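Visitor: I would like to learn how to read a protein model, feature by feature. Could you begin with a single side chain and then widen the view?

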Amino acid sequence: MAENNKLIYVKKKCFNKTLLITTFFVITFFSLNSQNILIEGKVSDTIKKPLTYANIIAEPLGLSKMVYAFSDNEGYYKLYLKKNEKYIVRVSYIGFKPQKKYLQFKKDTLINFKLIENTESLKEIKIDASLALSFKKDTITYKTDKFTNGNERKLRDILKKLPGIEVDKIGNVTVLGKKVTKVLVENKQFFTGDSKLAVNNIPADAVNEVEILENYNEVAILKGLEDSNDIAMNIKLKENKKKFWFGDIVAGLGVTDRKVVHPSLFYYSPKRSVNFIGDLNNTGKKSFTFKDYLDFEGGYNKILLNPKAYFSKLNDGFSKFLTNQNFENSNHVFLGGNITESISKKSDLIGYTIYSKSVNELRSKNINTFINNNSNLREERIIKQKNRNQFVISKISIDNTQNDGTKFKATSFVKFSNNFSKNSTITNLNNNIRNIFTTADANNFSFKQDVEFYKSLTENQTLTFLTNYNYSKSNTIINWETNNDIFQDIIPIIDEQKHSIFKDKKTSSHNLSTLLKHYWVIADFIHLYTTTGIDIYKDKIFTDEYQLLSDKRLNNFNTAGFGNDIEFDFINSFAGSILKFQKNKFTITTSLFYHNYLRQVAQINSTKSLNKKYFLPEFSIRLDVKRSEKLSLKYNLKVRFPSINKLLQNYTLTNFNSVYRGRNDLENELYHQLRLYYFKFSLFKKINYNLSLNYKKTKSGIRNTNILDGINYITEPVFLDNANENISFNGSLGKTYGSFKISLNGSNSYSKYLQLLNTKLQRNSSRNYSFGGGLKSDFLKFPNMEISYRKSLDKYMTPNNISNFENENLTFNFEYDLWNDYILKASYSLEKFTNKNQNSSNQNEFLNTSLYYQKENSLWSFEIYANNLFNSTFKRNNSFTDFLISDSKTFILPRIIMLKVSYKLD
């Protein structure tokens, strides 16, 4: 009873604290905004024609913050200014003479501006440097000094202050609600092009302008031919930073044997740029993630064009350690170098190398519910794991672009990696305790060569040729040691005091892909694109499972149906055309492709061949209501063939309690996809919407059939009609009001799928709902705060079981510039997890704080920061598979208090 009262007290305390923070923030919002007055009007030329996206800047003569606005399509603008404050109001527009007025407002006021066209000759016209933001076709340019105050440390601090740009904690950037997919510095790609390394490392005082390039395509002659949703961000440096070394070196020590060393050095000149980023820490920070890996492989969008390649990368041992985020202990070394060299006026050489080494310790406690046909089993599992992972990735490209736009690019990629892990597992099922010790050692190598060629044949015809070759191989040895039997029904284990089971796995893969595409602009409103190509795969897998006896003899499991030796040959040859039609605001695209698939699988004593032919259609329609408002609908029919792993004829161990066997006669999956997307952004109203609806239905697909015996299970793939169906909705809204931005978001997904469990066919389903919102401020003198809340509800349903989970997350961030030389930051989060089936819940509080000091014009800076100040020990979440629901506690790094010293190279 005392324990329950204590729990109630803790929950009340956390709730009251959360309520207090929220109430304070809301009161602050309304009280501060009540002091603002509205200034609105219209910007036009002398003949009353509205000027779209004109800059209106109100610069205070006192200490208030500069306020800016942009006129909409009808020339209207709105400014929220401080009552009785004196301002210089500047209005500017490219090609027109700027206006400036000294004004003071006591109440809401209507004021119009008429700009006079600049009559100077073209040679004499200079772009007005006072333009805070300008628009030109697909390019938005921000003059950064119009939005900053000089206290910014990194590029991310600048981006947070630019209208329409958002930066998350990791460093991902969104512009007008769309994600930035490529980062350039002085028109040259920065490392992989991913935003994270750029925004977290480029010093703020080196940045002059930020350019946003919509519908970005690095091949200029394909602009207007290939539809692109990509957005690039180009960083323009200050003149004194264009041939200069700059950067900083950070070193820190913690009170509990924690350390960090982080140098970031950059050199830029018109012909050469050199960048180096290093990171050594044991604070849990990871400098290279799975997304960064995809960027090295060509980017997420490019890899998704080849689902086989994407899923093989997602599931390989190298990628799995990149996706881990929560560690109980961590040591990390990261070194990255990037060079861009202009060999000539037409050719560039781009190369980069990344080295990473991590030693991480992970610990988790899981409550697993195994869903059987007639009853459910509850298992408790404790896992301790120590991983040592290291890799080297190098990439070099030669890019030649002629004056007529003809482009040739060759790129070579190589990767070496070693992943070694030790794992201790204790599993408790009905008080039957088993101990399993696992070691795994994997060595991987891969090489890739890409060649690209683009040429305009005539004014209306363009040719593209792409080819790439991929080679990879891996060797993996896994050892399970236990005092208990493993799958005693199907594995012929010789009984000893300790069982030592081994699995050797060797893989190799060759892939050659070639594509030829012809673009024909029949007229301004109609395009015809014709494509032909071929993909060739040759993969091999060898597996061998055996028991090492105490007298060093081997007990091989081949006689029990284990061991695989498979060769997989696959050819996809295709040809088709895309017809693109544009009329007014509508763009309609239809395509039809013919695919001829040939597959041959040879293993042990059998060879099976398969030949399938398909016509695959695709249709899309896009309505460009205006530049900042779009609606699109897309449908396609897709084919996916099973990977080599699903075709293994014999058994193979995948864990101490799981065995897998494929089927060499599996055919392909066929599925429909439909996507509806709406986007709107208004600089005038400072509001943006993003709404999407996705639907996917598998007409014929591959599902797993599972034979469950306690917590042991055997998995085999099976081909089913109407295997699964999924529908999902995502939406977000952002609105800026004065010095505040409000955001709302939500999602809803529902899926249902067939499952064979112990030979019984059943239909399962899952639902997920989430919703949330946030409010953040942007003041000059007053402390800045940000609060956000998100709640998700997960429901998993089978004929014999329904599981419900809830996750809630509240975060509060605070930042205040103290006495010009100090910056105080604090970040608080409250996470609550509830397992409704077991009527259990827990919540964790996390508090991170820092105090940063840098004297004006000094090259030295100092920071004291503390992570996990409340010393929370774990995070809790849930996961769901075909027959397993897991409620997990993952243990995390303890409290870290550290002093960091930074020296800036200038």
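This is a predicted model: local features need pLDDT of at least 70, side-chain atom pairs count only at pLDDT 80 or more; totals for chains, interfaces and linings use all residues.

Visitor: In which strand does arginine 876 have its place, and is arginine 876 buried or exposed?

Guide: Arginine 876 belongs to strand β47, which covers residues 874–880. Its relative accessible area is 14%, and because buried means under 20%, arginine 876 counts as buried. Leaving aside neighbours within four places in sequence, the residues in contact with arginine 876 include Asn807, Phe833, Asn835 and Lys889, and Ser840 and Asp887 are also among them.

Visitor: Which residues have the most contacts inside the largest nonpolar core?

Guide: To read a core, one looks for buried nonpolar residues joined through their side chains. The largest nonpolar core here has 49 residues, and those with the most contacts inside it are Tyr142, Leu159, Val173, Phe190, Val210, Ile212 and Met233. Apart from it lies another core, of 23 residues, among them Ile486, Ile501, Val659 and Ile711.

Visitor: What does methionine 233 touch, if residues up to four places away in sequence are not counted?

Guide: Methionine 233 touches Leu159, Val173, Val210 and Ile212, among others, and the list also includes the charged residues Lys182 and Glu211.

Visitor: Where in the chain are lysine 455 and aspartate 404, and how many residues apart are they?

Guide: Lysine 455 is in strand β25 (residues 432–458), while aspartate 404 is in the loop between β23 (376–401) and β24 (407–429), 51 residues apart. The two form a salt bridge whose closest N and O atoms are 3.8 Å apart. Lysine 455 has 29% relative accessibility and therefore counts as partly exposed, and aspartate 404, with a relative accessible area of 48%, is partly exposed as well.

Visitor: Which strands hold lysine 540 and glutamate 567?

Guide: Lysine 540 is in strand β28 (residues 526–548) and glutamate 567 in strand β30 (residues 564–583), 27 residues apart, and their side chains meet in a salt bridge of 3.8 Å, N to O. Lysine 540, at 39% relative accessibility, is partly exposed, and glutamate 567, at 33%, is partly exposed too. Salt bridges may also join up, as they do where Glu166, Lys741 and Lys776 are linked in a network.

Visitor: In what order do the six strands of the open sheet lie?

Guide: The general idea is that strands of a sheet pair through backbone hydrogen bonds, either parallel or antiparallel. Here six strands form an open sheet in the order β9-β10-β16-β17-β14-β15, and the pairing is mixed. Its edge strands are β9 (133–136) and β15 (188–189), each of which pairs on one side only. Strand β14 (residues 182–185) runs antiparallel to β15, and two bridges join them, with valine 185 having lysine 188 in β15 as its bridge partner.

Visitor: How many bridges join β33 to strand β36?

Guide: Twelve bridges join β33 to strand β36 (residues 669–682), and the two run antiparallel; leucine 631, for instance, has tyrosine 678 in β36 as its bridge partner. Strand β33 (residues 629–640) also pairs in the antiparallel sense with strand β32 (residues 606–626), over eight bridges, and there lysine 626 stands opposite glutamate 629 in β33.

Visitor: What does the secondary structure of the whole protein chain come to?

Guide: The protein chain has seven helices and 49 strands, and buried residues make up 47% of its 906 residues. Among contacts between residues at least 6 apart in sequence, 63% join residues at least 24 apart. The chain exposes about 44200 Å², of which carbon and sulfur atoms supply 55%.

Conventions:
Residues are numbered from 1 along each chain as its sequence is written. Side-chain values use heavy atoms; hydrogens and water are left out. A nonpolar core is a set of buried Ala, Val, Leu, Ile, Met, Phe, Trp, Tyr and Cys residues joined through side-chain atoms within 4.5 Å. Buried means under 20% relative accessible area, exposed over 50%, partly exposed in between (1.4 Å probe, protein chains only). Contact means heavy atoms within 4.5 Å. A salt bridge is a side-chain nitrogen of Lys or Arg within 4 Å of a carboxyl oxygen of Asp or Glu. Helices (H or I, at least four residues) and strands (E, at least two) are DSSP runs, numbered from the N terminus. Two strands pair if DSSP finds at least two bridges between them. Accessible areas come from the Shrake-Rupley method with a 1.4 Å probe; for residues, only the protein chains shown count as cover.
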